Amino acid sequence: MSTDEIPDQIGHFGPYGGRFVPEALIGALEELDLAHQSALADPLFQAELAHLHATYTGRPSILTEAKRFAEHAGGARILLKREDLNHTGSHKINNVLGQALLTKRMGKKRIIAETGAGQHGVASATAAALFGLECVVYMGEEDTRRQSLNVARMKILGAEVIPVTAGSRTLKDAINEAMRDWVTNVDTTHYLLGTVAGPHPFPTMVRDFHKIIGEEAKRQVLELVGRLPDAVLACIGGGSNAIGIFHDFIPDTQVRLIGFEAGGDGVETGRHAATITGGSPGVLHGTRSYVLQDANGQTIESHSISAGLDYPGVGPEHAYLHDIGRAEYRAITDAQAMEAFDLLSKTEGIIPAIESAHALAGAMIVGKELGPDAILLINLSGRGDKDVETAAHYFGIPL
Amino acid sequence: MNTPLDRVLVKAKSENRAALIAYIPAGFPSIEGCKRVIKVLADSGVDALEIGFPYSDPVMDGPTIQEAADISLRAGTGAAEVFETVKFAHEAGLPTVVMTYWNPIEKFGVEAFAKEMARNGGSGVITPDLTIEESREWKSATTSAGINTIFVVAPSTAEKRLGDVTAQCSGFVYAASLMGVTGARTTISSGAKDLVARIRTTTQTPVAVGLGVSTREQAKDVAGFADGVIVGSAFIKILLNAGDEETGLKEVSELARELALGVREGR
Ligand SMILES: Cc1ncc(COP(=O)(O)O)c(C=O)c1O
């Protein structure tokens with residue numbers, strides 16, 4: 001399968017993607033697209049980013065085989081791509097450093113970001129400190145409560161955190177507020193969007209900054225086991241860690257690509273964030289993709305124990321991969337994710353982010369389906385330090 | 001095309017003045033209350049009406065319109081209520097357009113939405129987040145239905161793009177007076193006048209200015225260079241702050257009469 005013409009010049013992945021934004025933002029999106037294109041072709045830019053990854057992020061991230069955890073996954077070999085070991089504790093830093101360099105390239109001095117779990121906000125605040133940029137992070141009030149540790153981290157790093165009290169007070173509303181800021185301050189400000197959603201060029205650009213995950217992992221898996229994995233698994237919020245690890249495997253059609261959405265209380269209850277599994281095509285936040293929406297096209301609030309997956313949209317490339325059948329998307333409930341969270345902690349000594357625990361829960365299911373000969377590559381997108389309070393409440397551990 | 005909106009803009013021009021265009025979300029302050037507001041606007045010198053389709057994620061709107069949209073959504077406003085309101089306004093004698101984010105149109109069905117607008121006497125639709133690149137299906141649906149397509153241009157719209165956008169507009173070109181979201185401002189940015197001048201080099205279509213206008217003085221200024229003056233948040237603020245509906249309607253009427261004087265003083 002060729003993916004050369006995907007996306008097209010204006011960011012369409014089949015019927016998905018594109019630009020649905022106020023005209024006021026078109027200039028900035030075109031400027032960003034040009035900056036990204038020229039950076040891709042600029043060896044100096046690529047060398048600077050590679051140097052940052054080697055000396056700051058901690059790339060390449062390692063591959064860890066989870067043998068004791070594998071006993072709970074049908075005996076399949078479980079290989080964890082350790083994005084949790086990156087500086088700031090998740091994959092988010094890959095995209096943030098790339099966009100921060102582009103911000104400098106465009107001569108802008110201020111970045112704004114939205115954040116759900118706080119990981120993207122922390123990574124943005126980190127890059128702002130490193131490059132001397134002003135940083136404002138929009139975060140739903142509900143998320144500032146459940147991820148309070150990350151709010152403090154952002155403040156320590158010198159960022160301003162603005163709690164958003166509109167709507168569901170979660171990630172979707174934080175994005176609305178960031179877009180309003182951007183429309184107003186677009187001359188001086190770069191919107192450092194944290195996932196593969198939003199208007200073109202964000203889905204493509206953010207993917208390009210994350211595809212290093214899959215490129216490294218492919219080499220590492222080949223080195224360790226001498227063949228490609230049977231399946232690559234990742235959790236899906238907006239879809240950035242998933243597209244990052246999937247992308248290099250898209251042409252390898254024998255490798256299954258499986259994304260795990262947040263099933264919340266169960267897709268059948270309506271209280272979930274499983275956008276592809278439980279949503280329908282529509283437009284949200286500047287792009288056409290799957291959306292949780294009602295009969296009037298109003299966005300339905302999502303629900304998940306995981307702040308980073310609690311989003312009623314998803315990146316357009318995932319919508320496309322789903323429709324053409326190249327990737328599969330399934331839902332994992334809060335309870336399944338928390339079981340996997342507990343299990344990885346107790347069997348491997350690795351506390352995963354609750355987001356990533358959705359992919360681990362997926363591995364427990366897929367491993368049983370494929371059996372002990374299977375090799376599963378899982379993106380461990382983040383570490384669980386930020387989730388200790390939520391987990392303590394969930395498991396009844398007194399604090 | 002010759003919609004009621006087209007005709008009222010021609011009439012205003014023949015009177016050497018700008019048209020006054022008022023914005024109110026359907027279903028605000030309530031589904032029936034909205035109709036009473038429309039009646040008052042029609043009787044107080046407003047020339048044309050924009051009815052907002054309330055949306056859950058209004059990224060172009062400031063706090064005032066967000067609050068009104070929330071109230072309207074909680075009252076259960078959907079496409080049926082929007083069209084019902086269009087019909088009411090049309091029957092009250094006001095040329096009427098709907099202003100809506102794109103997703104409600106896509107969900108309703110692009111062709112069906114355009115048809116339903118026409119069937120209820122609507123003149124056209126303003127689509128603030130539909131870029132011209134994504135508008136092909138919409139253009140063909142609205143052409144068949146015979147309604148106006150109004151796109152928004154911004155001070156940041158580049159020279160080489162401006163003509164492409166205005167070429168897709170009919171009824172009027174919506175010139176956003178500033179870089180920002182909706183909401184009353186104490187001053188109208190000088191950028192508005194420049195933008196209107198730039199737009200006029202690309203098209204004969206009338207140009208209306210929106211974002212921030214709230215007073216007679218501002219309406220007069222804008223009427224000096226634009227064909228239409230759009231006022232939204234100022235009316236909504238009155239209705240949000242009014243102790244009771246009667247007071248609100250009285251103040252809306254007073255403001256509309258003042259603004260109607262303003263659009264006649266500009267030239
Ligand atoms: C550790 C971790 N994984 C996954 C996600 C979900 O985002 P995405 O789907 O873009 O990878 C987040 C978002 O906050 C996160 O913090």
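Which residues in H14(A) meet which residues in H15(A)? In this predicted model, Gln336(A), Ala337(A), Met338(A), Glu339(A), Ala340(A), Phe341(A), Leu343(A) and Leu344(A) on the side of H14(A) meet Ile354(A), Ala357(A), His358(A), Leu360(A), Ala361(A), Met364(A) and Ile365(A) on the side of H15(A). By class, the residues of this contact divide into 12 nonpolar, 2 polar and 1 charged. Helix H14 spans residues 334-348 of chain A and helix H15 spans residues 354-370 of chain A, and their axes come within 7 Å and cross at roughly 90 degrees. That angle makes H14(A) roughly perpendicular to H15(A).

**A helix pair in chain B**

Another pair of packed helices is found in chain B, where helix H11 (residues 233-241) and helix H12 (residues 245-265) pack at an angle of about 160 degrees, with their axes 8 Å apart. Angles over 145 degrees count as roughly antiparallel, and H11(B) and H12(B) are therefore roughly antiparallel to each other. The crossing of H11(B) and H12(B) is right-handed. From H11(B), the contact is made by Ala234(B), Phe235(B), Ile238(B) and Leu239(B), while H12(B) brings Gly248(B), Glu251(B), Val252(B), Leu255(B), Ala256(B) and Leu259(B). The contact of H11(B) with H12(B) has 8 nonpolar, 1 polar and 1 charged residues.

**The four-stranded sheet of chain A**

Chain A contains an open sheet of 4 strands in the order S7-S6-S5-S8, with parallel pairing. Its edge strands, each of which pairs on one side only, are strand S7 (160-164) and strand S8 (189-191) of chain A. From one strand to the next, the twist averages 25 degrees. Strand S6 (residues 134-140) of chain A is joined to S7(A) by 5 bridges, and the two run parallel; within this pairing, Val137(A) has Val161(A) in S7(A) as its bridge partner. Helix H5 (residues 119-131) of chain A packs on the sheet, where it touches strand S5 (110-115) and S6 of chain A, and the direction of H5(A) makes about 165 degrees with that of S5(A).

**Strand S14 of chain A**

Strand S14 (residues 375-380) of chain A is mostly covered, with 6 of its 6 residues buried. In a regular strand the side chains alternate between the two faces of the sheet.

**The nine-stranded sheet of chain B**

In chain B, an open sheet of 9 strands has the order S5-S4-S3-S2-S1-S9-S8-S7-S6, and the pairing is parallel. The edge strands are S5 (148-150) and S6 (152-153) of chain B, each pairing on one side only. Helix H2 (residues 31-43) of chain B packs on this sheet, touching strand S1 (19-25) and strand S2 (48-52) of chain B, and the direction of H2(B) makes about 170 degrees with that of S1(B).

Strand S3 (residues 96-99) and strand S4 (residues 124-126) of chain B run parallel and are joined by 3 bridges, with Val98(B) opposite Val125(B) in S4(B). At the S6 end of the order, 2 bridges join S6(B) to S7(B), which run parallel, and Val153(B) stands opposite Ala175(B) in S7(B). Both faces of strand S7 (residues 173-176) of chain B are covered, with Val173(B) and Ala175(B) buried on one side and Tyr174(B) and Ala176(B) buried on the other.

| Strand pair | Bridges and direction |
|---|---|
| S6(A) and S7(A) | 5 bridges, parallel |
| S3(B) and S4(B) | 3 bridges, parallel |
| S6(B) and S7(B) | 2 bridges, parallel |

**A residue in helix H10 of chain B**

Asp221(B) lies in helix H10 (residues 216-223) of chain B. At 47% relative accessibility, Asp221(B) counts as partly exposed. The C-alpha atoms of Asp221(B) and Ala158(B) are separated by 25 Å, and these residues are 63 residues apart along the chain.

Conventions
Residues numbered from 1 in each chain as written. Chains lettered and ligands numbered in written order. Predicted model: local features only at pLDDT ≥ 70, side-chain atom pairs only at ≥ 80, totals over all residues. Heavy atoms only, no water. Pairing = 2+ DSSP bridges. Contact = heavy atoms within 4.5 Å. Axes fitted to C-alpha atoms, helices over the stretch in contact; angles between N-to-C directions. Parallel < 35°, antiparallel > 145°, perpendicular 65-115°, else oblique. Left-handed = near helix turned anticlockwise from the far one by under 90°. Nonpolar A, V, L, I, M, F, W, Y, C, P; charged D, E, K, R; others polar. Buried < 20%, exposed > 50% of the residue type's maximum accessible area, 1.4 Å probe, protein only.
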